[in-house]
Amino acid sequence: MKLDVDVLRYLSKDDFRVLTAVEMGMRNHEIVPSDLIGRIASLKHGGTYKVLKNLLKHKLVHHDSSKYDGFRLTYLGYDFLAIKTMVNRGVFTAVGRQIGVGKESDIFEVSNEDGTVMAMKLHRLGRTSFRAVKSKRDYLRHRSSFNWLYLSRLAALKEFAFMKALEEHGFPVPNAVDCNRHCVVMSLIQGYPLVQVKQLQNPETVFETIIGLVVRLAEHGLIHCDFNEFNIMIDDDEKVTMIDFPQMVSVSHRNAQMYFDRDIECIFKFFGKRFNLSFEECSDDIDDDESSRPSFSSITKTAGFLDKELAASGFTRKDEDDIQKFIEGDVEEDDVSDDEHDSELCQTNIKGFDSLHLDQEESTSRCNEEGQVVEILQSPEVGQSGDP
Ligand code: ADP
Ligand code: MG
């Protein structure tokens, strides 16, 4: 998906105010009635509709008049709100090129005033299943209890919380910088995903390090659940960094052993195939093969890590249940709100959006105090908020 941040430069305070009003209205409306948006935004000099037309032109909102005149946020609109908040907080000042397209995320380079480059991950949870639900759109429309917007926000919150906790426990993960809505900012890892690496100086050492990480995670009460060559970064010195945590589970999860074995198996398979490590040769011998793999039952695990360490982060047990239900497919597609287009969002009764109120206040007040603080978000004078 294209993220044309140039548009940000031309959005006025009123534009952001109205965009935030749409977001707030979506807490209990699939389509937010235009007059409600007007009331929430309460622009000093009126003119909400004109602003909405501008937002529509930039595809930040979607217009729907099938039942009544109203608007909803698009993914792009949600991206802009998160980016604006990050910029207001001084986390970064510019958005650069896209460096990754994950299964369910888009990753961009961002940089701050010192020129430090970081990675920004915009979660798009459920993106891969958009197409599947598309055909059921009409049927689904009024049945949603979960939605992509909410799930993407939870995924970001979980990823941020885990990254921080893992870092504190000395795991090689990116430095977690900040999180807002569906957006996580972290340090940029120099290097490449292991899947792109064709040769290693010391494949055995790298292999042992990686298997050691899976074991150490389990000792800390955690299983990555997607520990494979796509989520392991490796630099020129063959230093390993693990990424991508929204699907991690506790060792007390009912399928913990299966997830643990799967992570281990992925690594064994990959290193056997790509780097011809010798265990692959004896893998026909079932006994040998099994004895060479760390066994889940023999690891001394410290369950409770999840609860203890993550409670302080604002990521709750209920958040964990919600996201896990989705990831494991317990949430029927029928329970999930549909999306008409990758970049558009459609939703009824968004759960868990109370914090948005704070974000809005924080964002507006900082904006008032500091004016248009940063380069990419500087707006021209009112009246020019049209074409870039
Ligand atoms: P997804 O959950 O969608 O799989 P990932 O977190 O795995 O997303 O990121 C997708 C890709 O983006 C990675 O394979 C990697 O190439 C790149 N990437 C992600 N995080 C970083 C980072 N902190 N530094 C550098 N590249 C990153
Ligand atoms: Mg990934």
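Colleague: Of the 388 residues of the protein, what percentage count as buried?

Modeller: In this predicted model, 55% of the 388 residues count as buried. Buried means under 20% relative accessible area, exposed means over 50%, and partly exposed lies in between, with a 1.4 Å probe and protein chains only. The model being predicted, local features need pLDDT of at least 70 and side-chain atom pairs count only at pLDDT 80 or more, while totals for chains, interfaces and linings use all residues. Residues are numbered from 1 along each chain as its sequence is written, chains are lettered from A and ligands numbered from 1 in the order in which they are written, and side-chain values use heavy atoms, with hydrogens and water left out.

Colleague: How many helices and strands are there?

Modeller: The protein has 14 helices and 13 strands. These are DSSP runs numbered from the N terminus: helices are H or I with at least four residues, and strands are E with at least two.

Colleague: Which residues touch the most other members of the largest nonpolar core?

Modeller: They are Leu166, Ile210, Ile223, Met242 and Phe271, in a core of 64 residues. Helix 8 (residues 148–168) gives the largest share of this core, 13 residues. A nonpolar core is a set of buried Ala, Val, Leu, Ile, Met, Phe, Trp, Tyr and Cys residues joined through side-chain atoms within 4.5 Å. In soluble globular proteins, nonpolar side chains tend to be buried together.

Colleague: And what is in the second, separate core?

Modeller: That core has 42 residues, including Val18, Val51, Leu73 and Val110.

Colleague: Back to Phe271: is this residue buried or exposed?

Modeller: Phe271 is buried, because its relative accessibility is 0%. Apart from neighbours within four places in sequence, the residues in contact with Phe271 (heavy atoms within 4.5 Å) include Leu194, Phe207, Ile210 and Phe279.

Colleague: Which residues do ring pairs link into a cluster with Phe271?

Modeller: The cluster joins Phe271 with Phe207, Phe268, Phe270 and Phe275. Rings of Phe, Tyr and Trp (its six-membered ring) pair if their centres lie within 6.5 Å; planes under 30 degrees apart count as stacked, over 60 as edge-to-face and the rest as tilted. The count by this rule is eight aromatic pairs.

Colleague: Why is the pair of Phe207 and Phe268 edge-to-face?

Modeller: Their planes stand at 85 degrees, with the ring centres 5.0 Å apart, so the pair counts as edge-to-face. Phe207 belongs to helix 9 (residues 203–219) and Phe268 to helix 10 (residues 256–275), 61 residues apart. Both Phe207 and Phe268 are buried.

Colleague: New topic: what are the protein donors of the magnesium ion (ligand 2)?

Modeller: The donors are Asn231 (OD1) and Asp244 (OD), at 2.1 to 2.2 Å from the ion. Asn231 is in the loop between strand 10 (222–223) and strand 11 (232–234), and Asp244 in the loop between strand 12 (240–242) and strand 13 (249–250), so the pair ties together parts that are 13 residues apart in sequence. Asn231 and Asp244 are buried. Donors are N, O and S atoms within 2.8 Å of the metal (3.2 Å for Na, K and Ca); water is not among the atoms, so sites may look incomplete.

Colleague: Last one: where does Lys59 lie?

Modeller: Lys59 lies in the loop between helix 4 and strand 2 (61–64). Its phi is near 60 degrees, a positive value in a residue other than glycine. Lys59 counts as exposed because its relative accessibility is 57%.
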